[in-house]
Amino acid sequence: MLSLLAVVTPLAALAVGCDGAPGGPLPIKTARSTEARIQQPTVVAGDATMLAAENAAFAVQLYGALSAQPGNVVLSPTSLSLAMAMMFAGARDVTADQIATTMHFALPPARLHPAFNALDLALASRAQPMADGTPQGTDGQPFALAIKNALWADQTQTLAPAFLDLLAENYGAGVQQVDFVGAPEPARLTINQWVADQTDGKIADLLPAGLIDPQTRLVLTNAVYLNAAWQTPFTEPTMNYPFHRADGSDVSVPMMMGKTGFSMASGAGYRAAELTYSGKALSMVVIVPDAGTFAGFEAALTAEQLAAILAALAPSGEGLLLPKFQFTLAFSLRETLSALGMPAAFTPEVADFSAIDDARDLFVRDVVHKTFIAVTEKGTEAAAATGAVEATVSAVTLLTVDRPFLFLIRDHETGALLFLGRVVDPSGP
């Protein structure tokens with residue numbers, strides 16, 4: 001479960017403060033283009049496949065940059081790419097070129113935005129009833145996969161009609177109007193409340209205090225929420241089992257055991273297992289490097305290697321012993337994205353977002369990315385807790401995930417990577 005935002009700030013600061021103490025969330029006024037969203041976008045043959053490959057390449061590159069930090073990691077490449085594509089729509093010249101290169105946007109804009117529209121609409125359809133019944137969520141309610149885009153503008157900001165039309169037609173995004181100049185703190189709370197509402201309350205306080213001030217003019221948000229039960233739930237008793245951390249220490253963690261229903265793959269230096277979600281449209285893939293090789297395997301990971309692992313998955317009679325895990329992470333991506341190749345967007349003297357307002361007075365202050373994930377016996381949801389009980393493993397061949405591993409959640413039809421991350425300590429944040 002995730003949300004992403006980009007804070008865009010004008011070059012010239014307005015000397016307007018906020019009078020009075022910060023209040024609560026503000027009422028939201030919505031300005032929309034008169035153009036309707038294109039529900040059946042025209043996508044050139046092969047563009048959807050190219051978009052998925054580009055997104056995977058960006059995902060692995062960004063993951064590599066973020067993996068230098070200690071601890072568990074999870075990000076949503078699809079959500080990030082959707083939001084950055086909206087930002088890209090407002091950029092020109094060097095700024096646009098750098099965003100395209102960093103995000104691996106190889107398609108020209110006239111094909112890129114319809115391809116993202118088709119992807120977004122396809123993912124939204126996953127929660128619809130299917131031939132084998134309505135997919136289920138972990139709480140017994142219908143499967144949920146929601147991706148929401150929104151642009152937040154100061155009530156005084158003028159926006160180019162062509163930009164508004166593009167957002168409306170390809171992303172279903174209107175412009176939410178708030179008072180950044182006169183009431184920055186209530187505006188921040190308003191955006192945080194919107195994100196919380198879109199993610200069933202699992203992403204709270206996306207924008208930290210101080211990030212929004214009277215200079216802020218635009219905020220771009222994208223929220224993703226997933227609640228999906230396993231197609232084949234873990235029905236064996238959960239047990240406490242040692243997990244071997246990379247530093248050589250052990251921690252006892254609740255482990256889930258399933259005897260059937262998994263696809264498996266193995267190759268040089270790894271084992272992998274695929275767990276399908278209810279409805280069979282999405283799955284989680286767990287990649288377990290050989291003992292003692294996690295750091296090297298992670299550092300050498302490429303999009304091509306990831307694709308090869310996914311292609312090698314095949315039905316297996318082998319069982320799986322997998323730790324439960326749950327954590328929330330937040331990233332400021334300004335420095336990371338600059339280092340990956342798009343510093344112009346964050347540089348006031350250079351940034352060109354004139355396609356947004358027909359003036360070169362905007363730059364990006366920060367990109368904030370916050371994620372939440374919980375994996376339990378029932379599936380992947382926003383929050384879950386079950387008591388672990390001691391049990392004896394039945395006689396069955398198992399892939400035992402008792403050491404650091406990578407994981408991803410993918411959409412089968414589009415190839416979209418909804419989440420990508422690692423677990424180096426299931427008991428930690």
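**Close-up views of a predicted model**

**Figure 1. The side chains of Glu274 and Arg410 are joined by a polar contact of 2.7 Å.** The view is taken from a predicted model. Glu274 belongs to strand β10, which spans residues 270-276. With a relative accessibility of 8%, Glu274 falls under the 20% limit and therefore counts as buried. Beyond its neighbours up to four places away in sequence, Glu274 touches Gly261, Phe262, Ser263, Ser283, Met284, Val285, Leu313, Arg410 and His412.

**Figure 2. The side chain of Arg422 forms a polar contact with that of Glu298.** The distance of this contact is 2.8 Å. Arg422 is part of strand β19, residues 417-423. Its relative accessibility is 4%, so Arg422 is classed as buried.

**Figure 3. Arg365 and Asp213 are linked through their side chains by a polar contact.** The two side chains are joined at 3.1 Å. Arg365 is located in strand β15, which runs over residues 362-375. Arg365 has a relative accessible area of 17%; because the limit for burial is 20%, this residue is also assigned to the buried class.

**Figure 4. Helices α2 and α5 pack against each other with their axes 10 Å apart.** Helix α2 comprises residues 77-89, helix α5 comprises residues 161-171, and the angle between them is about 155 degrees. An angle over 145 degrees counts as roughly antiparallel, and α2 is therefore roughly antiparallel to α5. The crossing of α2 past α5 is right-handed. On the α2 side, the contact involves Leu82, Ala85, Met86 and Ala89, which meet Phe163, Leu166, Leu167 and Tyr171 of α5. Classified by residue type, this contact contains eight nonpolar residues, with no polar and no charged residues.

**Figure 5. His104, although not a glycine, has a positive phi.** Most residues other than glycine have a negative phi. For His104 the angle is about 60 degrees. This residue sits in the loop that connects α3 (93-103) with α4 (109-124). The relative accessible area of His104 is 27%, a value between the 20% and 50% limits, so the residue is described as partly exposed.

**Figure 6. Asp205 is a further residue that is not a glycine and has a positive phi.** Its phi is about 55 degrees. Asp205 is placed in the loop between α6 (184-198) and β6 (218-229). With a relative accessible area of 54%, Asp205 is over the 50% limit and is therefore exposed.

**Figure 7. The protein as a whole contains 10 helices and 19 strands.** This overview gives the setting for the close-up views. Of the 429 residues in the protein, 56% are buried. Among contacts between residues at least 6 apart in sequence, 79% join residues that are at least 24 apart.

Technical notes: Residues numbered from 1 in each chain as written. Predicted model: local features only at pLDDT ≥ 70, side-chain atom pairs only at ≥ 80, totals over all residues. Heavy atoms only, no water. Axes fitted to C-alpha atoms, helices over the stretch in contact; angles between N-to-C directions. Helix = DSSP H or I, 4+ residues; strand = E, 2+ residues; numbered from the N terminus. Parallel < 35°, antiparallel > 145°, perpendicular 65-115°, else oblique. Left-handed = near helix turned anticlockwise from the far one by under 90°. Contact = heavy atoms within 4.5 Å. Nonpolar A, V, L, I, M, F, W, Y, C, P; charged D, E, K, R; others polar. Buried < 20%, exposed > 50% of the residue type's maximum accessible area, 1.4 Å probe, protein only. Polar contact = N/O pair within 3.5 Å; in protein donor to acceptor, adjacent residues only side chain to side chain.
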